[in-house]
Amino acid sequence: MLILLPGAYSEPDEFVREGYIPAIEEHRLAVDVLRVDAQLGYYTNGMAILKRFGQDVIAPARQKGYTSIWVTGISIGGLGALAYAALNPGQLDGIVAIAPYLGERATSLDIANAGGLMRWRAPTSTLPGDNAEQRMWAWLRRYGTQPGAPDMPQLYLGFGRDDRFAFSHELLAAVLPADHVFRTDGGHDWPEWRRLWQEILPVLPLPRCPSARG
């Protein structure tokens, strides 16, 4: 199963209008696609997305017999996919994070000032409010310290060079294999996300339908 999580102000139907679903069909991926209607409120209300995504999406998929689950998340949808994987080891097989929102810039600055994600240490003291963001970054650090760990989903990252979150994206890119990172010109919008999707799809380790014979 390939699950699609939209951005903050996007509707699930945009995955059709903006070419994501047609591209999956064009590349003959042998996957069932599920578009999730996760609005901004799921992320601002104490990250309710983490509980609802598990209960309403992942658990039913497993009950139906899906043994491999990938998630593509755009912008805040990327945050949802990564934060969920961080809290639920081994439940996702792969993540495609397109221009993901990775939390407050203050955390990214702390990581950069430490010399990058490999040198950064998440605070051990309890912080006021929800610190799921820092837990997520601490988990992302494992892509550099424990590459190939069996409980870590394969992670592909794509973003625009002028994206307003590119500073954070580059911090994550530094701990990923080079062939799992995709950059394009432009910022944070559908034209860039469409180009990235077309570049990433051919290299994803997902099954393909057999070619039709004449």
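Me: Which residues in H5 and H7 meet each other?
Reply: From H5 it's Leu79, Leu82, Ala83, Ala85, Ala86 and Leu87, and they meet Arg135, Met136, Trp139 and Leu140 in H7. Keep in mind that this is a predicted model.

Me: How many of the residues in that contact of H5 with H7 are nonpolar, polar or charged?
Reply: Nine are nonpolar, none are polar and one is charged.

Me: And at what angle do the axes of H5 and H7 cross?
Reply: They cross at roughly 75°, and the axes come within 9 Å. Angles from 65 to 115 degrees count as roughly perpendicular, so H5 and H7 are roughly perpendicular to each other.

Me: Back to Leu140. What does Leu140 touch, leaving out residues up to four places away in sequence?
Reply: Leu82, Leu117, Leu155, Leu172 and Val175.

Me: OK, the largest nonpolar core next. Which of its residues touch the most other members?
Reply: Leu140 again, along with Ile3, Phe53, Leu82, Trp137, Leu155 and Leu172. The core has 48 residues in total.

Me: Which helices and strands each supply at least two residues of this core?
Reply: The helices are H4 (49-63), H5 (76-87), H7 (132-140) and H9 (166-173). The strands are E1 (2-5), E4 (94-98) and E5 (154-160).

Me: Where does the largest share come from?
Reply: From H5, with eight residues of this core.

Me: New topic: where is Ser10?
Reply: Ser10 sits in the loop between E1 and helix H1 (14-17).

Me: Is Ser10 buried or exposed?
Reply: Buried, because its relative accessibility is 9% and the cut-off for buried is under 20%.

Me: What does Ser10 touch, not counting residues up to four places away in sequence?
Reply: Gln39 and Trp190.

Me: Now zoom out. How many helices and strands are in the chain?
Reply: There are 10 helices and six strands.

Me: Why is the chain as compact as a globular protein of that length?
Reply: Its radius of gyration is 17 Å, and the globule rule gives 17 Å for 214 residues, so the chain is as compact as a globular protein of that length.

Me: What box do the C-alpha atoms fill?
Reply: Roughly 60 × 40 × 35 Å, taken along the principal axes.

Me: And how many of the residues count as buried?
Reply: 50% of the 214 residues in the chain.

How values were computed
Residues are numbered from 1 along each chain as its sequence is written. This is a predicted model: local features need pLDDT of at least 70, side-chain atom pairs count only at pLDDT 80 or more; totals for chains, interfaces and linings use all residues. Side-chain values use heavy atoms; hydrogens and water are left out. A nonpolar core is a set of buried Ala, Val, Leu, Ile, Met, Phe, Trp, Tyr and Cys residues joined through side-chain atoms within 4.5 Å. Buried means under 20% relative accessible area, exposed over 50%, partly exposed in between (1.4 Å probe, protein chains only). Helices (H or I, at least four residues) and strands (E, at least two) are DSSP runs, numbered from the N terminus. Contact means heavy atoms within 4.5 Å. Axes are lines fitted to C-alpha atoms, for helices over the stretch in contact, and angles run from 0 to 180 degrees between N-to-C directions. Angles under 35 degrees count as roughly parallel, over 145 as roughly antiparallel, 65 to 115 as roughly perpendicular and the rest as oblique. Ala, Val, Leu, Ile, Met, Phe, Trp, Tyr, Cys and Pro count as nonpolar, Asp, Glu, Lys and Arg as charged, and the others, Gly among them, as polar. The radius of gyration is taken over C-alpha atoms; the globule rule is 2.2 Å times the number of residues to the power 0.38.
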